[in-house]
Amino acid sequence: MRLPSVVLGVRGAALVLTVAALGHTFWHGLHDPGHALAFGVLITIGELARWGALPGEREPAPLGAAGALAYALLGRSGGEPTGHGTLQVIAVLVAAQLVACVPHVARGSGPGPDQVARRILTVAFAAVCFQPVYNSGRSESWFGDGPYYAVFLLLLLGLTALCDAVLGALLLRARTLPRAFRSTGITPVPYGPLLRDELRALIGIGSAVCATGAVMALGVAAAGLWALPVLCVPLLLTQVSFRRFVAVRTTYRQTITSLARSTEIAGYTPHGHARRVAALCTAVGREMGLSGPELTVLEYAALMHDIGQLSLVDPVPDGATATLPAAEQRRIALLGGAVVRQTGVDALVAVVVEQQADPYREQPLSARIVRAVNAYDDLCGERLSGPLGALEQLRLGTGHDYQPQVVESLARVLARDGLTPVPPG
């Protein structure tokens, strides 16, 4: 499959920087090899820490990222100037990543080329902003050695974090850009929500990485390399705590998924219905600009939207609640919401489940999405309408039952993913 031009551009820029940095370092040699080795080992250890990474981690190697940023922002060590320069920063980072990737490759895991290119470009941005200014003496004349210098470092780290977020959103959008868009002009996944999610992620582990990078640079500048081991401990503890949080959240989601399967096991809904609806709802929600927390609520509500069917004496044929009278749909939805509230799941999930059968003008956006996507999957049954007919019926119901924007977003998602040949509009 041909890679999008954005991905090729990012990888190409990282490759050019890598070749230039390694060539310059091999030709001129390492400036201050002791510091290069110390930070190289630190970055390698941080990259090896990916070994225990869990799904959902935005920064699986925070120690490596903080070490690389600290080296990029290092101007002095123990009061003495370093002067290693931008290209050496990139060379040390690349060398450390190459060493760390050996056990990952042997295991069949590790960072992909996009992640590596993103790290190289982000660290290069920090080094380009800092090293020339510091080595020329301008930063000392502008900011001195006091609190203004620390503020200068924090400002550079903020700009670097913004650069990383922009790159991350671009790469994510490019990876989700389908062949259908390139050939038919279908609207791709919006960039704004992706960038917003990346920026929100900076509040968590991103802020810890940036703060640790700045503290490392300042600590080594004052105390020398002995400061590195001491300053690594807080971030290591943060990483352990974050991974425990991710593990708990993963277990929580698995519990909800298992509960949602109860309707399938009892024979009330077709196999895989809840998972299909949840996947499509998440895609439509992202298409419509929902944020990360809103997408989580939407996914959980979509997984549990049919839980109220367990109150029925006789199962609905094919589990298709979209074909039931409106009053029966609302009764099932209210019963489902009551069950969800008893499980201890977020109350917002119960609200979405309860309101999924209401007229769309009375619903929150998440409930509108669940209603439309559930109806689509119900109507796609073999004995009903099929994909094209299902979307046509949804469009016919946009006057009262389904929000037109939700239905068209669903059509774009389906066309983009190649599930149906439906054109936009």
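Biologist: In which helix does Tyr71 lie?

Modeller: Tyr71 lies in helix H3, which covers residues 62–72. Keep in mind that this is a predicted model.

Biologist: Does Tyr71 count as buried or exposed?

Modeller: Tyr71 counts as buried, because its relative accessibility is 1%, and buried means under 20%.

Biologist: Which residues is Tyr71 in contact with, leaving aside neighbours within four places in sequence?

Modeller: The list is His35, Ala36, Phe39, His84, Gln88, Val89, Val92 and Gln131. Take Val92 from that list. Tyr71 and Val92 are 21 residues apart in sequence, and their C-alpha atoms are 9.1 Å apart in space.

Biologist: Let us turn to the whole protein. How many helices and strands does the secondary structure come to?

Modeller: There are 18 helices and two strands. The protein has 425 residues, and 49% of them count as buried. For contacts, take those between residues at least 6 apart in sequence: 72% of them join residues at least 24 apart.

Biologist: How do I read empty space in a model?

Modeller: Rolling a probe the size of a water molecule over the atoms shows where empty space is left. In this structure there is one cavity of 30 Å³ or more. The largest cavity has a volume of about 140 Å³.

Biologist: Which residues are the closest to the centre of the largest cavity?

Modeller: Thirteen residues line it, and the closest to its centre are Thr321, Gln329, Gln356, Ala357 and Asn374. Helix H14 (326–342) and helix H16 (365–379) are the elements that give two or more residues to this lining. By class, the lining has six nonpolar, five polar and two charged residues.

Biologist: How much space lies in the second largest pocket?

Modeller: About 320 Å³ lies in the second largest pocket. Its lining has 18 residues, and Gln97, Leu98, Val116, Ala117 and Ile120 are the closest to its centre. H1, helix H4 (86–107) and helix H5 (113–135) each supply at least two residues of the lining.

Biologist: Which helix gives the most to the lining of the second largest pocket?

Modeller: H4 gives the most, with six residues. Sorted by class, the lining of this pocket divides into eleven nonpolar, four polar and three charged residues.

Biologist: How is a pair of aromatic rings described?

Modeller: A pair of aromatic rings is described by the distance of the centres and the angle of the planes. The count here comes to five aromatic pairs. One of them is Tyr149 with Phe152, a tilted pair with 6.5 Å from centre to centre and 45 degrees between the planes.

Biologist: Where do Tyr149 and Phe152 lie?

Modeller: Both lie in helix H7 (residues 147–175), three residues apart, which is about one turn of the helix. Tyr149 and Phe152 are both buried. Together with Phe130 and Tyr134, they form one aromatic cluster.

Biologist: That leaves confidence. What pLDDT does the protein average?

Modeller: The average is 79, and 86% of the residues score at least 70. Confidence is highest in helix H1 (residues 5–28), at a mean of 90, and lowest in helix H8 (residues 179–184), at 41.

Biologist: Over which residues does pLDDT stay under 50?

Modeller: One such stretch is residues 178–187, for which the model has 20 contacts beyond four places in sequence. Residues 419–425 also have a pLDDT below 50, and this stretch has 17 contacts in the model beyond near neighbours in sequence.

Terms used. Residues numbered from 1 in each chain as written. Predicted model: local features only at pLDDT ≥ 70, side-chain atom pairs only at ≥ 80, totals over all residues. Heavy atoms only, no water. 1 Å grid on protein atoms, 1.4 Å probe; cavity = no way out; pocket = protein on both sides within 12 Å on 5 of 7 lines; lining within 4 Å. Points joined across faces, edges and corners; volume = space filled by probe spheres on them. Helix = DSSP H or I, 4+ residues; strand = E, 2+ residues; numbered from the N terminus. Nonpolar A, V, L, I, M, F, W, Y, C, P; charged D, E, K, R; others polar. pLDDT = per-residue confidence, 0-100. Contact = heavy atoms within 4.5 Å. Phe/Tyr/Trp six-rings, centres within 6.5 Å; stacked < 30°, edge-to-face > 60°. Buried < 20%, exposed > 50% of the residue type's maximum accessible area, 1.4 Å probe, protein only.
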